[in-house]
There are 2 protein chains.
Amino acid sequence: MAKIDVLVLGPLALDSLETPFGKAENVLGGASSYAAVSSSFFAKTGIVGIVGNDFPEEHWNMLEGRGIDLEGVEKADGKTFFWKGKYGFDVNTPETLETRLGVLEHFKPVVPDSYKDASVIFLGNTAPEHHLSVINQMNKRPKLIISDTMNYWISSVKEQVLEVVQKSDIALMNDGEARQLFETPSIYSAAQKILAMDSKHAIIKKGEHGAVMYSGDTYFSAPGYPLEKVVDPTGCGDCFGGTLAGYLSQQPEITDHVLRKAIVLASTVSSFNAEGFSHDNLSKIDMPAIEGRYAEFRKIVEF
Amino acid sequence: MAKIDVLVLGPLALDSLETPFGKAENVLGGASSYAAVSSSFFAKTGIVGIVGNDFPEEHWNMLEGRGIDLEGVEKADGKTFFWKGKYGFDVNTPETLETRLGVLEHFKPVVPDSYKDASVIFLGNTAPEHHLSVINQMNKRPKLIISDTMNYWISSVKEQVLEVVQKSDIALMNDGEARQLFETPSIYSAAQKILAMDSKHAIIKKGEHGAVMYSGDTYFSAPGYPLEKVVDPTGCGDCFGGTLAGYLSQQPEITDHVLRKAIVLASTVSSFNAEGFSHDNLSKIDMPAIEGRYAEFRKIVEF
């Protein structure tokens, strides 16, 4: 039996953020921190990533305290990946003010033996060559491969991004990325192209507008949660992917019904994340809170 | 008994359009053409507006052929309002290439006596002073006042826009306009401000992302329909408002349930409109088509 259910690949980072609701300096960030914490509500989760020797012990302890396995996180000499970003009125698209790769520059992901039988892998927002490397290091093809990406990789290494999409069961990306990757104004067309590449499901995240899933002849739309304040949307997409991975790893079969439930749970966890800077709010919620908001989603769409 | 159920106020126009899917020159446009046709699926509808002597007879005949009352449309010497716009990959926001006001420049709306007892008025996208003028000309306060606006009026005559919102039962606007009108990044906060101004319901249109309604303690989110091709989104917001007006005019009581149904019908009619240039597709659909797609919306949100 695998030591973990879900392998999450992605950077751990320190972020400095400015949003219409305030500022935060040098806080915990990175796709894998958000995705692993979200997955950990549902399943035993391990991270493959890297930190520098400036990575605060409190973050390491917080992650371990949630039962997240950190054997796959390399501690390297140097600085942790740093991202500085600013969100304006349109909270869906941050402006990157500064990126310092630090130890991420020479990172080569190494999957520990104890992760190699994980049933689900979530390939978070990082270089697609790392996605491919992790897939290749697994003992066998996992039950489910979920991949995410971002505009930077589509601009710079599109062919590799497409290779990852082709190998994924669930290709996850946001609406702008889907348009960019397939050079089409139509999300519908982009999703059809994802499905034609062997991905069984295309899930398009739309920030505050929720998310949609295309899979064969079925289409699902989940609303966004009506947040009074989007304090900090950083990591919401990662929470979304992590929740999908964690919840789906516990399901005997990946049916349309199960996927719809997973997407609403993913929207739920992401919405909590947006209500605080960094992990502030994510660290406060528990399963009853998630289930309570999940039930609200049902009322939101009823007609 | 009133001769019409729904009074639609708004420009009739000739549009030249360019979208990623093609071009159209000098086609029928204007908020009231889209809104009145949409309303006419459900209710007897009349237009208050103006055309120049270049307005093609075929458009006049098409509108009359749908049973739309045109007594409120002034035929003036001069050119019909002309708008030239272009849509890029982001189909939600057109770029205005040219606007020629023509006869609209000196337009003063005159409500015919036979319209003055209409139970519902839809104040389409036009100068808010015209909105206020039409409200004042009615014999008594209609059962329901639905108002729409656009960024141009918010920038130029914000106080009047707010006065119209205050007088409306349903304030309709898109998400960017709501943010602009109340100077907040949060749709939630903008909607609360609309409700605090006496509007009973704030309905925010989000283009391809659907629409949401805030009213007191209830929140509803309707998805967008997954269109393969958004051939021409011009008029979709007007179709949305017109459908609301037409459907709601036939309901004995405006309950939360009735409003939710109205919003999904409005999304349905708008989605058909986006599938063709100008009125091309809108003119082809009928109630069975609307009901068929309405039923699809139910499956889209099911979880």
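Tutor: The account below takes the interface and then the cavities.

This is a predicted model, in which local features need pLDDT of at least 70 and side-chain atom pairs count only at pLDDT 80 or more, while totals for chains, interfaces and linings use all residues. Residues are numbered from 1 along each chain as its sequence is written, chains are lettered from A and ligands numbered from 1 in the order in which they are written, and side-chain values use heavy atoms, with hydrogens and water left out.

Chain A contributes 35 residues to the contact and chain B contributes 35 residues, contact meaning heavy atoms within 4.5 Å. Between them the chains bury about 3100 Å², with 62% of it on carbon and sulfur atoms; buried area is the accessible area (1.4 Å probe) that two parts lose on being put together, summed over both.

Two salt bridges are counted between the chains, a salt bridge being a side-chain nitrogen of Lys or Arg within 4 Å of a carboxyl oxygen of Asp or Glu. Arg179(A) forms a salt bridge with Glu208(B), and their closest N and O atoms are 2.3 Å apart.

On chain B, the side that touches chain A draws at least two residues from each of helix 6 (175-182), helix 7 (187-196), strand 13 (218-222), helix 9 (256-273) and helix 10 (287-301). Helices (H or I, at least four residues) and strands (E, at least two) are DSSP runs, numbered from the N terminus. Helix 10 of chain B gives the largest share of this side, six residues. By class, this side of chain B has 18 nonpolar, seven polar and 10 charged residues; Ala, Val, Leu, Ile, Met, Phe, Trp, Tyr, Cys and Pro count as nonpolar, Asp, Glu, Lys and Arg as charged, and the others, Gly among them, as polar.

A cavity is a set of points on a 1 Å grid over the protein atoms alone where a 1.4 Å probe fits but cannot get out, and its lining residues have an atom within 4 Å of a point. The largest cavity has about 90 Å³ of space, a volume being the space filled by probe spheres set on the points, which are joined across faces, edges and corners. Its lining comprises 16 residues, and Ser221(A), Pro223(A), His209(B), Ser221(B) and Pro223(B) lie nearest its centre. Strand 13 (218-222) of chain A and strand 13 of chain B each give two or more residues to this lining.

Note on methods:
1 Å grid on protein atoms, 1.4 Å probe; cavity = no way out; pocket = protein on both sides within 12 Å on 5 of 7 lines; lining within 4 Å.
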